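Here is a friendly walk through one structure, by way of questions about the words used to describe it. Have a look at it before reading on.

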Amino acid sequence: MKSGTWFTDKLKEFETDQEFRTEEVIIDFTEKVVAAMRERDMSRVELAQRLGVSKAFVTKLLNGNPNLTIRTMVSLAAALECELLVDIQPRSKSSHDRLRKTKRETGVVYCHEPAEAYGKGKK
């Protein structure tokens, strides 16, 4: 068995595991937060100031804090001048592949993408 095949098979086994899916969603969200911070040249210190929390708290959040609440996610999005979009939809054959779809396939624009590219520049 090839190592690539082994990994793919293992990944498919975990696709329906709720803990695995939760971690995948948390990682996806935190990667988007980091990308939005990078785009805005925003440090953890500045994000912490905007949220009214410590830099250590921001670091904990960005390290994949499993207690990430929707309230915290909304606050993070607002501090980054973004909108939080939460969606639920029927599972595809591979929910892992669905997370990897591009904006062109899904029609979703994430906050870390320049708004100007979509005719939504700042007023």
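Q: What makes residues count as contacts of M37, leaving aside its neighbours within four places in sequence?
A: In this predicted model, a contact needs heavy atoms within 4.5 Å. Beyond those close neighbours in sequence, M37 is in contact with M42, S43, R44, L47, L62 and L80.

Q: Which nonpolar core does M37 belong to, and what makes it a core?
A: M37 is in the largest nonpolar core, which has 17 residues. The name asks for buried residues joined through side-chain atoms within 4.5 Å. Those with the most contacts inside this core are F29, V33, M37, L47, L68, L76 and L80. Two or more residues each come from α2 (18–39), α3, α4 (55–62) and α5.

Q: Why are α3 and α5 called roughly perpendicular?
A: Helix α3 (residues 44–51) and helix α5 (residues 70–79) pack at an angle of about 115°. Angles of 65 to 115 degrees count as roughly perpendicular, and therefore α3 and α5 are described that way. Their axes are 9 Å apart, and their crossing is right-handed.

Q: What makes the contact of α3 with α5, and which classes of residue does it have?
A: L47, R50 and L51 of α3 meet S75, L76 and A79 of α5. By class, that contact has four nonpolar, one polar and one charged residues.

Q: How do you know what pattern the protein follows along the sequence?
A: There are seven helices and zero strands, and reading along the sequence gives α-α-α-α-α-α-α.

Q: What share of the protein counts as buried?
A: Buried means under 20% relative accessible area, and 28% of the 123 residues count as buried.

Definitions and conventions:
Residues numbered from 1 in each chain as written. Predicted model: local features only at pLDDT ≥ 70, side-chain atom pairs only at ≥ 80, totals over all residues. Heavy atoms only, no water. Axes fitted to C-alpha atoms, helices over the stretch in contact; angles between N-to-C directions. Helix = DSSP H or I, 4+ residues; strand = E, 2+ residues; numbered from the N terminus. Parallel < 35°, antiparallel > 145°, perpendicular 65-115°, else oblique. Left-handed = near helix turned anticlockwise from the far one by under 90°. Nonpolar A, V, L, I, M, F, W, Y, C, P; charged D, E, K, R; others polar. Buried < 20%, exposed > 50% of the residue type's maximum accessible area, 1.4 Å probe, protein only.
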